Amino acid sequence: MKRRSLLLLGAGATGALVVGWGLMPPRSRLGSPQRPPAANGPVLLNGWLKIAPDGHVLLAMNRSEMGQGVHTALAMLVAEELDISLGKIELVQAGPNKIYGNVAMFVGSLPLHPKDSEPGHETGGVKAGRWIVSKVARELGISVTGGSSSVADAWDVLRLAAATARAQLLGAASLQWKLPREELQITDGVVSHAAAKQSAHFGQLAKEAAATPVSTVVPKDPKAWRLIGTRAPRTDLADKVNGSARFGIDVREPGQLFAVVRHSPMLGGSPGRIDMDAAMKLPGVERVVRLNPYGGSTAAVAVVGRSTWHAKQGAQALDIEWRAPPAGTADTARIAASLEAAAREAAAQQSGFAFHKQGDVTAASVAAVRRIEALYQAPYLAHAALEPMNCTARVKDGRVDVWAPTQVPDMARAIAARVAGVDEKQVVLHVTYLGGGFGRRLEVDVVGQAVRIAMETNGRPVQLTWTREEDTTHDFYRPAAAAVMQASLDDKGAVSGLSITSAGDQITPRWIERGLPALAGPVDAPDKTASEGLFDLPYGITNQRIAHVATKSGVPIGFWRSVGHSHNAFFSEGFIDELAHELKQDPVAFRLSMLGTMPRHAAVLKLAAEKAGWGKPLPAGRARGVALHESFGSIVAEVAEVSLVDGKPRVHRVVCAADIGTAINPGIVAQQMESAVIFGLSAALYGRIDIEGGVVKQTNFPNLPVLKMADSPPLIETHLVQSANPPGGVGEPGTPPIAPAVANALFVLTGKRARSLPLVA
């Protein structure tokens, strides 16, 4: 039971008792944040739900929709409990309130390993890091769309909120009609009693329901579900097809101006002398604005114009003398070498922070008949969301309006207030659809810039849009990493010891410094995201030591889809495949032999192998590779069928098997697995960011390629293990296994082991 459930429902050990409505906030923040509801408007039943006069249900939506289908999935939880159609659920943006804080995202970002209680397991730093992020969620109530946590976080809360509303509505009808509540039924938002010929829709009962006390609430038995578990159509589908859906770059307000920003070509650089004469002489150019660093951005210059095209022409015409960063310039070749050296030194000395330790890897190494060692590496990666970074802002009469495609509304609101010098209560945030997020929109740099520009436009709204080049060259990148993988093999042909020592920058401390500076400490706590996917492997190897060396490269880094799992799965599953080859065992059978105590993992792997036809003949020139990985509470195995075309990998088929717990909407799950595979393939085959002299070399899709439709696998299958467990993540867990699955297939084809990404030079 999450703390927000307690705020909503009181202190019930099982979540069934409703005793604490007095703990609810004194006033609702649902609906339009500008004005209170009319006297005959929607009726508040709890902090999540209102009932409109026509019987529609208004759901406070505290999650951003960026293509993952969360608006549909969360509405389904409410519709199921209330026995109402999805079409009668209306979403209203949730305002700033602690009950909407995402506890699962933050607490889940640094979980304790299941084996933490074992003697000798080093947990101090992990626990400290967990406490820090838990405190953020609990004390500040920050709402975040990320970490594949949206459905998992809402699973208890929304079902209980809706079940409570249902009980209130039934109670109101029972009192009004003087009929036993157990004889009433609800059909698509209408409460009725057949024998008494009484009926009323939710809107007609709402006021009485709000005043009706409820003593106990139990959500529906899964056997009674009619909507959960079905492929219900997405609620955002029609608007996105007909073009009426509003993304950040679609915002148009009366009198709106447009802006384009220029940053220093060198990361961390800043503008010195600016000659703006040429720019100001261009038609449509309004003004030039210097920008200080905001939310982790670097100092920059913005040009305001009557359209984005006018502003872009003006920005290109500026003659700027750029100053190099005081700390020196970054270079990825040098960083890669330093990461390798750090990982090798820590592996030799068994130093670094041990996220997981059991048994004695040194003794296992001494007793081994054979030792295997390999170095794995991964590059920096850009997010490359199709909608470039943008934000629209208006500063007028002491009030700030912000229209932003953001994953962190509370942090966006906070930086807007800080830049404008107003109280956060004077900031009204409108969250639009996101044209892709992938973690990039967990940052609020563009919001701070837009508000600062709006302070110079005399009350007129201004839309700041970054060009693709600015977006690519001034991202918060997925960190580069290196890992030394070491295994000991005993005289029985088994893996007796496993030591993994990785090196790379830590994301969470840098993100807190940028977005939550008051919580940043003088010393970084160990960040689990740097080692996730390594310290929590499911394989039953007796002696293990999994450690990480935290570095600070100076390159801006941030969360990227599946975070540390995105490269650590490539490291771990590539090395596991190496061990299977060394021991002359089938890769699937070898993994299964070490999953004796992990039945869920074994079931997922078996399902993927079965559906992929593992072991059956393939057309000449094709091979299969497999990978198994758990992340964000879900277990995914993928089998990739690969060939070489003109010497380059061509993926023909990907079979995904997954145990995600309860699947709210299997259709959306399949879409997300397909999305994750294609996103992961882009990174696996082509993704890299190279920096020379502080300048990012990749600028746009011609030199930062993403997977084209013509090159995508013609067939991506998703098969789900039936489960009664609570939902796990869906948006991210499909990404980590694809790179190792393809690399392992390439080894079968070529006999050469790929230990660094991308796979295409």
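User: Which residues of H12 meet H13?
Analyst: In H12, Ala412, Ile415, Ala416, Val419 and Ala420 meet Val447, Gly448, Val451 and Arg452 of H13, where contact means heavy atoms within 4.5 Å. By class this contact has 7 nonpolar, 1 polar and 1 charged residues, with Gly counted as polar and Arg as charged. The model is predicted, with local features needing pLDDT of at least 70 and side-chain atom pairs pLDDT 80 or more, while totals for chains, interfaces and linings use all residues. Residues are numbered from 1 along each chain as its sequence is written, and side-chain values use heavy atoms, leaving out hydrogens and water.

User: And at what angle do H12 and H13 pack?
Analyst: H12 (residues 409-420) and H13 (residues 445-454) pack at about 35°, with their axes 9 Å apart; axes are lines fitted to C-alpha atoms, for helices over the stretch in contact, and angles run from 0 to 180 degrees between N-to-C directions. Helices (H or I, at least four residues) and strands (E, at least two) are DSSP runs, numbered from the N terminus.

User: Switching to strands, in what order do the 3 strands of the open sheet come?
Analyst: The order is E5-E6-E7, with antiparallel pairing, and two strands pair if DSSP finds at least two bridges between them. E6 (residues 190-193) and E7 pair over 4 bridges, and Val191 has Ala200 in E7 as its bridge partner.

User: Which helix lies across E5, E6 and E7?
Analyst: That is H5 (residues 150-177), which runs at about 40° to E6.
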